[in-house]
Amino acid sequence: MRLVFAGTPEVAVPALDALLASERHEVVAVVTRPDAPAGRGRRLVASPVAERAEEAGIEVLKPNRPRDEDFLARLREIAPDCCPVVAYGALLPRVALDIPAHGWVNLHFSLLPAWRGAAPVQHSLLGGDEITGASTFLIEEGLDSGPVYGTITERIRHTDTSGDLLTRLAFAGAGLLAATMDGIEDGTLKAVPQPADGVSLAPKITVGDAGVDWSAPALRVDRVVRACTPAPGAWTVFRGERLKLIQVTPRPERTDLAPGELSVGKNNVQAGTGSHAVELLWVQAQGKKPMRAADWARGVRIGAGESLGS
């Protein structure tokens, strides 16, 4: 099939690579979000998908909106058979969905109908799921509601951050997306409607959502930190300034600390929660680089009775 691939962030690149390597299909163009300001100089930078496509010598389309008429006209000229999608980042209007003969097929990082939305991996960690996965489905105008072509599963490890899990799913899902294209092309794969039961939503996690509530149980604190790493970054407040929490681990044996209360040992820092303590392993103070929590504690000289939280 002639494919137009739609995607934007780094997590979409493995799928693009898998399709570029396919002997059965040709990626004739890529659709991605417009260049965006990045870094201290806020200069415009192309998306990771755009950079990979340019390396491969493929036409790159960067519409401000997918309903822009010049973009739609070019897509009609290209006449793709199918448009595979991974984390493109914009809603596709019906007029665009109708152009490819086999529609737009999305790789979504959850086992649909669970965790429909922008942040499925983060919500899977927040929800304490033991198993997650990825699904390919035909895009409709509803939110991740289209019929499913295929799924893969992935066990969630107790130390996984959203970054860890998303990386594994990106590579495993790339194979699923390529296999889905094969099945659509040879007619052996049919999309199956999603069940009405088991629907859950995964809206974008905001910086406000990533603030740690120390009155919550240690298990919840750990999940928030892992789900929000690397983005948007879990945080708390210490001495009136924001402190980013990069890695913590529950310490069930320690139950004598009040929520947020700090305890500093020779080589460790622990904080109380609504249940038992968690040990702070890696933190990042404002304007500083990430560091081991024990080194941070020595630098700020934590006094008796000091706590984390507003």
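I am working with a predicted model, where local features need pLDDT of at least 70, side-chain atom pairs count only at pLDDT 80 or more, and totals for chains, interfaces and linings use all residues. Residues are numbered from 1 along each chain as its sequence is written, and side-chain values use heavy atoms, without hydrogens and water.

I looked up the largest pocket and found a volume of about 1300 Å³. Of its 40 lining residues, Ala87, Tyr88, Gly89, Gly117 and Ala118 are the closest to the centre. I noted that strand S7 (104-108), helix H5 (120-126) and helix H6 (162-186) each supply at least two residues of this lining.

(A pocket is an open set of points on a 1 Å grid over the protein atoms alone, where a 1.4 Å probe fits, with protein on both sides within 12 Å along at least five of seven lines; lining residues have an atom within 4 Å of a point. Helices, H or I of at least four residues, and strands, E of at least two, are DSSP runs numbered from the N terminus.)

Next I checked the second largest pocket, which holds about 190 Å³ of space. Helix H7 (residues 218-227) gives the most to its lining, with four residues.

**Helix pair**

I then turned to helix H1 (residues 13-20) and helix H2 (residues 48-55), whose axes come within 10 Å and cross at roughly 25°. H1 and H2 are therefore roughly parallel to each other (angles under 35 degrees count as such).

Key:
Grid points are joined across faces, edges and corners, and a volume is the space filled by probe spheres set on the points. Axes are lines fitted to C-alpha atoms, for helices over the stretch in contact, and angles run from 0 to 180 degrees between N-to-C directions. Angles under 35 degrees count as roughly parallel, over 145 as roughly antiparallel, 65 to 115 as roughly perpendicular and the rest as oblique.
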